[in-house]
Amino acid sequence: LPPAEGSVEDLMEGQYLEVGKTVPGFWLTDGRGGWVRTAAHHGKILLVYLFAADDLDAARTLTSLDRIHREFQD
């Protein structure tokens, strides 16, 4: 089950990532009230894009990232 509480930074920090090692499965909020589990994307490139909810310039980047995803999803 996903973690119940804590900031995204707290949740990521507690998951013991190591340089040069395979990323362990961990949970992140999806920005829409749900959760994303990295282990569900095994063998795929996963981009984690973190930005403040009030950063409109960063939010506008999502359109470009969605276009890149559609182009390279296979």
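Predicted model: local features only at pLDDT ≥ 70, side-chain atom pairs only at ≥ 80, totals over all residues.
Local features need pLDDT of at least 70, and side-chain atom pairs count only at pLDDT 80 or more, while totals for chains, interfaces and linings use all residues. Residues are numbered from 1 along each chain as its sequence is written, and side-chain values use heavy atoms, with hydrogens and water left out.

- Asp57 pairs with Arg60, and their closest N and O atoms are 2.8 Å apart.
- These two residues, Asp57 and Arg60, sit 3 residues apart in helix 2 (residues 56–72), so about one helical turn separates them.
- Helices (H or I, at least four residues) and strands (E, at least two) are DSSP runs, numbered from the N terminus.
- Asp57 is exposed at 56% relative accessibility, and Arg60 is exposed at 55%.
- Buried means under 20% relative accessible area, exposed means over 50%, and partly exposed lies in between (1.4 Å probe, protein chains only).
- Arg70 and Asp66 form a salt bridge at 2.6 Å, N to O.
- Both Arg70 and Asp66 belong to helix 2, 4 residues apart, or about one turn.
- Asp66 is partly exposed, with 41% relative accessibility.

**Nonpolar surface patch**

- Leu47, Tyr49, Phe51 and Leu62 make up a nonpolar patch on the surface, with about 360 Å² of accessible area together.
- Patch residues have over 30% relative accessible area and no salt bridge; nonpolar side chains (Val, Leu, Ile, Met, Phe, Trp, Tyr) are joined within 5 Å, like charges within 9 Å.
- Areas come from the Shrake-Rupley method with a 1.4 Å probe; for residues, only the protein chains shown count as cover.
- Leu47 lies in the loop between strand 2 (35–37) and helix 2, and is exposed at 59% relative accessible area.

**Largest pocket**

- The largest pocket holds about 1400 Å³ of space.
- Of its 27 lining residues, the closest to the centre are Leu46, Leu47, Val48, Tyr49 and Leu62.
- A pocket is an open set of points on a 1 Å grid over the protein atoms alone, where a 1.4 Å probe fits, with protein on both sides within 12 Å along at least five of seven lines; lining residues have an atom within 4 Å of a point.
- Helix 1 (8–13), strand 1 (27–29) and helix 2 each supply at least two lining residues.
- Helix 2 gives the most, with 6 residues.
- The lining divides into 15 nonpolar, 6 polar and 6 charged residues.

Note on methods. Salt bridge = Lys/Arg side-chain N within 4 Å of Asp/Glu carboxyl O. Points joined across faces, edges and corners; volume = space filled by probe spheres on them. Nonpolar A, V, L, I, M, F, W, Y, C, P; charged D, E, K, R; others polar.
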